[in-house]
Amino acid sequence: MTIAQTEIEIHEFSTGIRPERTADGGWVSLGFTGQYMNATINPVPHAIQRSIANKEFAVAEGASSDEPAIIGRIVSSEDSDWSVVAVVTKGRDEKGRSASLYRYFFCEGDKGVSNLWRIIGWIEDYQRSHNGEMPVFNPFDTRELEQPNLYTTSTPPQFNLLPETEASLLSDSAPILIPAEAQYTLQDINRLANKKAIADENHQPIAWAYKVKALEQPGRFQIIQAASDKAYELLQKVKATTPQVVAPLIDEQAFKAAIKGLINSSRVKLEYVQAIAEPLGNDRIPESYWKEIFDSQGANNALKQAIYSPQMVRLLTLRAIVIPQTLPEYLAWLEKGNKQNDSDKVSDEFQAQIRISLNQISHLSKNIEFNITDGIKILLPKLLNEQKPTLETVSWLLASPNGLWARFTRQFLQNIELDLQSMSQFAKGSEDFKLTDKAWQKIRGELEKYWQIRSCAPQEKYQSFSKLFEQLHQYKLAAFFYHIGLGIVPREIFLKLCPNGWHCLVYGVSVEREVTILEKLQFIIEEVRSTEVRVPFVIIFALISLSIGVGVGSYTGSPKSLISWVQAQVNRPKVDTNDSSIQSSEQADNQNCLPQSLKNEAVKNFPTTITLLQEAVKQLEKDPEIKMQPGNIKSEIKKILISKCPNFSDNNLDLMSIKAQKLADEQTKIKWINAIYFYQFNNNLKDKKGYITETNNNNFNQLDLLKSEIKTKLIKQEITK
Amino acid sequence: MLNWLTKNRTTVKGASEALQSNAVLRVIGDRTSGKTTYMASLARWPNADPSSPVQNVTPVNEEGEELIVNAQNILEQGLQLEPSDLKASAIDIKDYTLSIALKGQFSWRNPKASAGSGLVTLNISCKDYAGEFFTDLLYKAGHSQLQDYLEDCLQATGIMYLIDGTTHRKDSEYANGLDKFLIALDRTDISAEKRRVALVMTKCEQPELWIKRHEARELATARFPQVNRKLQSWQQMGGGSVDYFTTSAFGMLGSRYPEPNSKRINRDRNGTTSVLKDPKRWRPFGLVAPIYWLCTGDRHKELDKD
């Protein structure tokens, strides 16, 4: 075989040290410089730098010797394949410590072309002209930039291997270990590696090591020849414990560096988030690979040994981002350790910073977004069957104001809603759903019957969903899952969806409102009022039931069945419930103004309410459209508030004189609370609680409504004057 | 002064109800001052003394595990560890994460926390910078690599400044390097964090140091007066707090007629180079005391007795 005679450029560079000549003509190192020396090129191609950083040429510490070890491999970059050979020898520093020193040779080739045999050819030439010596690390062998070694060959390499020996060697799994005494040349080793790489078809680039004691990454070679019998034994042990050759799927060291960079600092650097987000898009990477990487950084030990240092909290938060399957485990771990420390705060802060950085990594943020949503998808079904993580922890994760998962919660819940909306079609055979995982399919299977049969037994486990959605202020979802989990929807949730009525259609399923004890009594009274027979019986029964807390008191059924129950007691013909009965019950509330159950909360929020009202007055006073004395505004606000409240007749109450901090007396407070409740009630506002807070958007609207009502009245008054 | 120390305390209780103290540390010092050997001996924690307050030392990440491998394959074979490479970028420096469990002790400062706890865990993540950082890089003002290292150093809550106790003739060099370091760190740190700096004298198995091992401050004042002055003035200016420790990665052989458990290879102005003599009786001393102080701000009386 003849080969076209071409000249190739072989560049080189060496480990950077500060050398000093010794009396015997040798040299010692006075320390590392952190830069390469004797280089014919600057900078060293990035792909080669990354391969070195990933320890693909590294011999293990203490494993270099005076006899050179030679490592050859193909390093791929986007446009070309670099053929790189490292010659590793042991050097010493002035204190007598030994260090592994590297001299690298490389040349560029087209994709899929290995020039390793040419570099070996050049090395063989070098040996011939240097009394058999290898071109080893020599700090005083100064090289000039842009003056690479030139090599021309037309002779194909010679091989000593017999075909049968070769076939027998190649039948072994990679890395194929060759004992020290085998008399193979570098060309033989290279040829074997080449053949093995082709045979294995696992995208592992050609890589071999010649006469080595121990390697940092033995799994990334096809052929390794040991330097000694002891080294061969060691390599065999290592091979037995390390998994089969895996093609490097990512720049592992860059990824690990990004993890370190993120977990060790309270400030998140964008470049690290980018380095994490980038490989997440590669779906060839199995979960086990990610797990291994996080375990190498201590994830497994942090879980096992309950280490809650900020680094470990950040590490496990990051793991939950990269491996969504670990989100439940992460939360359970966090929960366990959070009794006495601030792990949730560390996580919160870390999440907030990652969240901010997402906006700045443009297209890559999608990879993280996908994983986060995936995590929520995996997490929620766990709430149905497992105790850990608890509802509180899940709610914290999904509702934390600056949380990373919280950012995608709404979007995810929309998917649940869309799927629930599609359920009526599902019952008819449609399968167009957003959440297609097994766990969600199972959930749908369990829910299906509620669209098919009007009254199904509740499934208690879904109460965790209802409570979670209630905590997330997703009242429609909460109402739906109360219906599934409890068979009935608590009054306050129900009223947020349907201000009137006892039934409401939620995602096509009719849900029922819970009846409060007060309402039950009202029903009884109402019924009694219109009953001519057995009146004394019912009244006595109701009173007894109330006082001993049984019967009516323990009744928690639906209004319809309650009525039937009452009917049974009075032995009257069937009376249907309708909106008028609700009206009457609500009006009954009106007579007493604010229901007792809401009073405590209203009293608690009274200072905020008064401050907000006072603010409103101040704002109105400044309004250029109103040309009225400030005193009139105050009296107007009061008039509006008390106009329909039957118990509010004290005209001496002055809004501005109430000091929110030093509260007015109880009686005054209650009067104001009742007045506000009445205003809310008569205007049929969504929140009828007897107080106004700053945080609730609905209440902001209430305040605005009140202000605009006053404004309109005042302007009208102006005009009539 | 006391106020920030208490504020800076990062003690929390973990699930096992063990007190957990955390610290991010950087180990700096001259070449061959024994930084990596200190770390490897700590991770290996050989022949633990049952009466020692240290229950165990566990590596948390792979780099911590590597330390143990190197301690076994190199130190225990009577060899020296390789010099640590000066990495081009600080992010590539090995970050040793270890968890050190101590048997509980009563603390007057925090009686409530110490009363019920059987264990105290020190969680540290620690990078040892190549000696070249201290001897060369610090002198390259404005160099991007130095800047990168200093920024990495800002993450640390504590600095361990290791000095080969036998290199007293290099006191002024050390003081100079330390001065450069403290000034550069201060100018890099926008938030003006207060840090703890532990001056740790190594190789205290050497007889002249061993006899003074319980008087670390006096030893530092006598042998490294200029370094000591620099640290004291830094402390007085409010840079943080300073304390002094003596350690030996190799320890001693015998108790009544003690001798260093080390074979001397070389000794000159640049210090002492030695290797482990008897790996079977290898018991280092003083390794955890500086870490306890860097984590908690308190000295541990029992650890100091080591």
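R195(B) is buried, with a relative accessible area of 4%, where buried means under 20% relative accessible area, exposed over 50% and partly exposed in between, taken with a 1.4 Å probe and protein chains only. Its side chain meets that of D189(B) in a salt bridge, at 3.1 Å from N to O, and by a salt bridge I mean a side-chain nitrogen of Lys or Arg within 4 Å of a carboxyl oxygen of Asp or Glu. D189(B) also counts as buried, because its relative accessibility is 10%.

Before I go on, a word on the basis of all this: it is a predicted model, in which local features need pLDDT of at least 70 and side-chain atom pairs count only at pLDDT 80 or more, while totals for chains, interfaces and linings use all residues. Residues are numbered from 1 along each chain as its sequence is written, chains are lettered from A and ligands numbered from 1 in the order in which they are written, and side-chain values use heavy atoms, with hydrogens and water left out.

Staying in chain B, K277(B) forms a salt bridge with E259(B), with the closest N and O atoms 3.0 Å apart. This pair links distant parts of the chain, since K277(B) sits in the loop between β12 (271–276) and α11 (288–296) of chain B and E259(B) in strand β10 (residues 259–260), 18 residues apart; helices (H or I, at least four residues) and strands (E, at least two) are DSSP runs numbered from the N terminus. Both partners are partly exposed, K277(B) at 34% relative accessibility and E259(B) at 35%.

Let me turn to the interface. Here 43 residues of chain B are in contact with 44 residues of chain A, contact meaning heavy atoms within 4.5 Å. The area buried between the two chains is about 3,700 Å², with carbon and sulfur atoms giving 45% of it; buried area is the accessible area (1.4 Å probe) that two parts lose on being put together, summed over both. R31(B), E82(B) and I91(B) supply 18% of the area that chain B buries against chain A, more than any other three residues.

How many salt bridges does the rule find across the interface of chain B and chain A? There are 5, and one joins K260(A) to E63(B), whose closest N and O atoms are 2.7 Å apart.

R31(B) comes back here, as its side chain meets that of D93(A) in a salt bridge of 3.5 Å, N to O. R31(B) lies in the loop between β2 and α2 (35–44) of chain B, and D93(A) in the loop between β5 (81–92) and β6 (98–109) of chain A, so the pair joins two chains. Both residues are buried, R31(B) with a relative accessible area of 8% and D93(A) at 4%.

Finally, chain A itself has 721 residues, of which 52% are buried, and its secondary structure comes to 30 helices and 12 strands. Within it, T393(A) belongs to helix α14 (residues 391–399) and counts as buried, because its relative accessibility is 11%. Not counting residues up to four places away in sequence, T393(A) touches L331(A) and E335(A).
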